[in-house]
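Here's a quick walk through the side-chain pairings in one protein model. Have a look at the structure first, then read on.

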Amino acid sequence: CSDSGGERVTRTPGSLYRVMALAEMATWTLLIIAMVARYGFAYDGPLFFVAGLSHGIIFLAYCVTAVIIGINLRWGFGTIVLAILSAIPPWVTWPFDRWLEKRNKLEGEWRLEDSGDPRDQHWIDRVIRLGLRHPVWSFVVIVLGMALAISVLLALGSPTEWGGE
C-alpha cells in the first residue's frame, strides 16, 4: 500500500497479529461447528472439508505471521513459541493477543531498514527486512510454501489416519 506521498505504508505488526489471531479463532469456530455436525449429527456434506482446509490454511498463516512479527518486534524465542502454541487449542490466540498487548509486546513498527543494532545483522533479520520491503514477492513465496505444506498434509490424510492401522 502507499499513502498519497508515495511512502510505503503497511499495517503495524500489532494490528496484523490481531487480525490473524481473530481469523484463527474464527476458523476454529467453523471447524468445531463442522465437527459437531459430522460426528454429532452424521452430516456428510462438504462443510467438514471446507472448515478443515480453511482452518489449516489460517493456522499456517497465523504461525508464519507470529514468527515474522515476533522476530520483527524482538519477542524472544519463548514468546514466539507460545504464540504458535496458542493456535493449537481452540480460541486461545485472542487471550494470548491480550496478554501480548498488556505487556506492550505488540508496540512498534515494521523494521524495514538496518538500524545499526547488532541484532539487525543476523541473517533472519535480513531475510525478514527483505521480505517486508518486497511484500508481493514475500506473499507469493509464503503462499507457495503453504500450498506445498497443505498438499503434503492432504496427501498424508486425516490426522486420525496417521497411526497406520
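What follows covers confidence, aromatic pairs and salt bridges.

This is a predicted model, so local features need pLDDT of at least 70, side-chain atom pairs count only at pLDDT 80 or more, and totals for chains, interfaces and linings use all residues. Residues are numbered from 1 along each chain as its sequence is written, and side-chain values use heavy atoms, with hydrogens and water left out.

**Confidence**

The chain averages a pLDDT (the predictor's confidence in each residue, from 0 to 100) of 87, and 91% of the residues score at least 70. Residues 1–9 are another story: pLDDT stays under 50 there, and the model has ten contacts beyond four places in sequence for them. Contact here means heavy atoms within 4.5 Å.

**Aromatic pairs**

Rings of Phe, Tyr and Trp (its six-membered ring) pair if their centres lie within 6.5 Å; planes under 30 degrees apart count as stacked, over 60 as edge-to-face and the rest as tilted. The whole structure has four such pairs. Tyr17 and Tyr62 make a tilted one, 5.6 Å centre to centre with 55 degrees between the planes. Tyr17 sits in helix 1 (residues 13–41) and Tyr62 in helix 2 (residues 47–72), so the pair ties together parts 45 residues apart in sequence. Helices (H or I, at least four residues) are DSSP runs, numbered from the N terminus. Tyr17 is buried at 0% relative accessibility, and Tyr62 is buried with a relative accessible area of 0%. Buried means under 20% relative accessible area, exposed over 50%, partly exposed in between (1.4 Å probe, protein chains only). Ring pairs also link Tyr17, Tyr62 and Trp75 into a cluster.

Over in helix 4 (residues 93–102), Phe96 and Trp99 are three residues apart, about one helical turn. Their rings are stacked, at 5.3 Å centre to centre and 20 degrees between the planes. Phe96 is buried at 9%, while Trp99 is partly exposed at 29%.

**Salt bridges**

A salt bridge is a side-chain nitrogen of Lys or Arg within 4 Å of a carboxyl oxygen of Asp or Glu. The whole structure has five, including these:

| Pair | N to O distance |
|---|---|
| Arg18 and Glu101 | 2.8 Å |
| Asp125 and Arg74 | 3.8 Å |
| Asp97 and Arg98 | 3.2 Å |

Arg18 lies in helix 1 and Glu101 in helix 4, so their bridge ties together parts 83 residues apart in sequence. Asp97 is buried at 0% relative accessibility, whereas Arg98 is partly exposed at 30%. Salt bridges link Arg18, Asp97, Arg98 and Glu101 in a network.

Definitions and conventions. Helices (H or I, at least four residues) and strands (E, at least two) are DSSP runs, numbered from the N terminus.
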